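Q: Can you walk me through this one? I'd like the layout first, then the details.

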Amino acid sequence: MNEMNAVKENKIKEFPRHTRKVMKGNFAAAEAAKLAKAGFIPAYPITPQTTIVEELSDKVARGEMDAEYVNMDSEHSVFAAAMGAALAGERVFTATSGQGLFYAHEVLHAIAHFRLPMVVCNVGRPSIPWNIWSDQSDSLAQRDTGWVQFYGESSQEVLDSVIQAYIIAEELDLPVFVVLDAFYQSHTSENVWIPEQSLVDEFLPPKKMKGYEVTGDEPKAVGGLVQPENYGKFNYEYWIDINRVEKLTNEIGKKFGDHFGRYYGAVEAVNIGPHTKMVLVTISSITTTARGVIRQHPDVGLLKLRLVHPFPKQSVLEAIKDLPDDAVFVTIERNFMGDKYGALNQELRRAFYGENNFKLYDVYTGQGGKDVPPITIERIIHRIKNDPQEVVWIDIE
Amino acid sequence: MLPAMDFLIKEEKVYSGGLSCRGCGWALLVRHLASILGENTIYVVPASCFSIIAGPYPLNEIKGSIVHTVFAAAPATATGIRHALDRQGKHDTNVVILAGDGGTFDIGFQALSGAASRNENLFYIANNNGAYMNTGIQTSTATPYGAVTTTNPQANYKKTFPKDLMGIVGAHNIPYAATASLAFIEDYRRKIKKAKDIKGFRLIMIDGPCPPGHKVDPAQSISVSRLAVETKLYPLFEIEHQKYTINYFPEKEMPVEVCLKPQGRFRHLFKEGNKEAIREIQRYADKNWERLVALEKLTHELEE
């Protein structure tokens, strides 16, 4: 949402065939599911996601949305039901958070590797110690389940990403998470431009049946035991398609921009060029805070990751190609993976290996929803400039 | 009970070459089920012996569709399929869960309760063979008192009774729940036909013979199943909206040991010093039967 922020100081940019509403992030997510015409919504409450499914149940009850809404008995069952409906060819949406996502972990693998398209919003919160506030440890811990993961910086981006995610999911037969920040997004109201239904319909056609669906029309066998001689073929096919996600994300983001007026990519670079000495790497709403702070630091740039899994290596390398060799990277981690480095740092190291020799620093901050105000970003910049350590915990000092 | 009039499979809907053990209950129960339900049926299978019997990728033993799903959530997967089909106007397509006792009594219990509570339009078949047979005979909460399994071996044989699954399922006030036995095929077939035409959540629990697990000669599968009914260890009854109806009253009193004796899993009970366990099982069977008779009387009176 670089564009919107950039014009904020003058006047709000108008988007034709949209209505501007003040809306909480969770309501934007629910609105997106409605605009995408999701037909099946299995649901189970969990803070801070709950108002997404509540709002969806309201939309169905009010007759605004033509969908089957089912109150399930757990997140494990939510995802199992989502799997069943997707297998039978429906466009599926649901939402979850933290423990719910962890509980569904087994089914996440099944959905991804049965190659079932769907879009799910996760409102990020950590696990134990018990906490309901903003943290990306839950979704980042699902990295290896095979789900595509987008992180939304704003409620607008969440809404827009859900619509784009359905195209990617249905093109590649892969499930997609669109992740929101707990409370900073889920329960915070901001301006959201809601596209007209017809505008969305022109961009996102109804779900097409591809022939693999189990609908009773002809006999199908799905999910049987795969023996060693065939197993690798399934993973190979998966590998082919997961490798297409990054390019497709950039293509769909551009098409979305042409159609709706808001452009997206797998990553976004701000103030990254030959003059840049430090690049902050962020996801989600911390990005917005960092945008404001780096205006006071002409030599600090920002690399926002919108697509986090599969890691958009080529887009990242493209975004930083003009950096001087002595520039440093600082990954800002609102997650803890039980390891020395946070998830973003791990991913960046993997992407950079053999490609460049940039120095990478890792900063843990904002854990369990601790606020990351501009002063914290200032402190991070100051610390890395003056007293750099490979890994820094900024909150607990 | 009337003499068997309807026990022949008129149109076979199961291919030959199924991968069950000899004398397995799955093989027979699925043949009757599939022949009555027809090909416009989607079977949802959690981890169970039937996961294997149905055939590995890309095979399917049954004429119809089969969806193998995660162990704990077959009723939830079936819920998704059911709602999707309903949206597509395919109300006539049967969605049927084929689960074992592990997937029903234990790991899938919550999802079963959820689907029953929602009165989903699903047909649940529980093949209760009294242990985790697919993984090699480990104790489930359906394992009978007195049985040995690989996780209740020798003197550490199971010393608790199985949970009253039928009572619990019936308490969900679903339109139809019934027990069935493969020794009473006409009763089983009648129940499938009845359940097929009911809308809402239906469950039939079958006393599943398992020669390797029960340590029974495969040729004795059906006769041992018959003895379970005759000794009142496995009564045949239906529960319709909590109304109990007993379907078969054994004509003569037969002690439980008649049924236990041919099963190697109970062999140790016949050693000196373990006879009290047999008496305990007899008391359980008697009390359970009396309770059933009382429930039938009570719930029928309430109906009037």
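**Domains, sheet, core and interface**

A: Taken over C-alpha atoms, the centres of domain 1 and domain 2 of chain A are separated by 26 Å. Keep in mind that this is a predicted model.

Q: Where are the bounds of the domains in chain A?
A: Domain 1 covers 2-259 and domain 2 covers 267-393.

Q: How many residues of domain 1 and domain 2 of chain A are in contact?
A: On the domain 1 side, 30 residues; on the domain 2 side, 26 residues.

Q: Which elements of domain 1 of chain A give two or more residues to that side?
A: Helix H1 (2-8), helix H7 (137-140), E6, E7 and helix H11 (245-260) of chain A.

Q: OK, zoom out. How many helices and strands in chain A?
A: Chain A has 15 helices and 16 strands.

Q: What is the radius of gyration of chain A, against a compact globule?
A: Chain A has 21 Å. A compact globule with 397 residues would be near 21 Å, so the two agree. The C-alpha trace of chain A spans about 65 × 55 × 40 Å along its principal axes.

Q: What share of chain A is buried?
A: Buried residues are 55% of the 397. As for contacts in chain A with a separation of 6 or more, 78% come from residues 24 or more positions apart.

Q: Now the sheet of five strands. What is the order?
A: E4-E5-E7-E6-E13 in chain A, an open sheet with mixed pairing.

Q: Why is one side of E4 and of E13 in chain A left without a neighbour in the sheet?
A: Strand E4 (93-96) and strand E13 (307-309) of chain A are at the edges, and each has a single partner strand, so one side of each has no neighbour there. On average, neighbouring strands of this sheet are turned by 25 degrees against each other, direction ignored.

Q: And E6 with E7 in chain A: parallel or antiparallel?
A: Parallel. Four bridges join E6 (residues 148-151) to E7 (residues 175-181) in chain A. A:Tyr151 stands opposite A:Val179 in E7(A).

Q: What lies across E5, E6 and E7 of chain A?
A: Helix H8 (residues 155-172) of chain A. H8 runs at about 170 degrees to E7(A).

Q: Switching to packing. Which residues touch the most other members of the largest nonpolar core?
A: A:Val162 and B:Ile81, in a core of 220 residues. H8(A) gives the most to this core, 10 residues. Domain 1 (2-259) and domain 2 (267-393) of chain A both give residues to this core, so it lies between them.

Q: What does A:Val162 touch?
A: Leaving out residues up to four places away in sequence, A:Val162 touches A:Ala29, A:Ala32, A:Ala33, A:Ala36, A:Val119, A:Cys121 and A:Val178.

Q: Next, chain B. How many residues are in contact with chain A?
A: 40 residues of chain B, against 36 residues of chain A. Helix H2 (49-53), strand E2 (65-68), helix H3 (74-87) and helix H5 (109-117) of chain B each supply at least two residues of the chain B side.

Q: Which residues of H5(B) are buried?
A: B:Ala111, B:Leu112, B:Gly114, B:Ala115 and B:Ala116.

Q: What covers the buried residues of H5(B)?
A: The cover includes helix H4 (75-87) of chain A. From chain B it includes H3, helix H4 (101-106), strand E4 (123-128) and helix H6 (165-170).

Note on methods:
Residues numbered from 1 in each chain as written. Chains lettered and ligands numbered in written order. Predicted model: local features only at pLDDT ≥ 70, side-chain atom pairs only at ≥ 80, totals over all residues. Pairing = 2+ DSSP bridges. Axes fitted to C-alpha atoms, helices over the stretch in contact; angles between N-to-C directions. Contact = placed C-beta atoms within 7 Å. Rg over C-alpha atoms; globule rule 2.2 N^0.38 Å. Buried ≥ 20, exposed ≤ 12 C-beta atoms within 10 Å, placed from the backbone. Core = buried A, V, L, I, M, F, W, Y, C linked by C-beta atoms within 7 Å. Domains from an automatic or database assignment.
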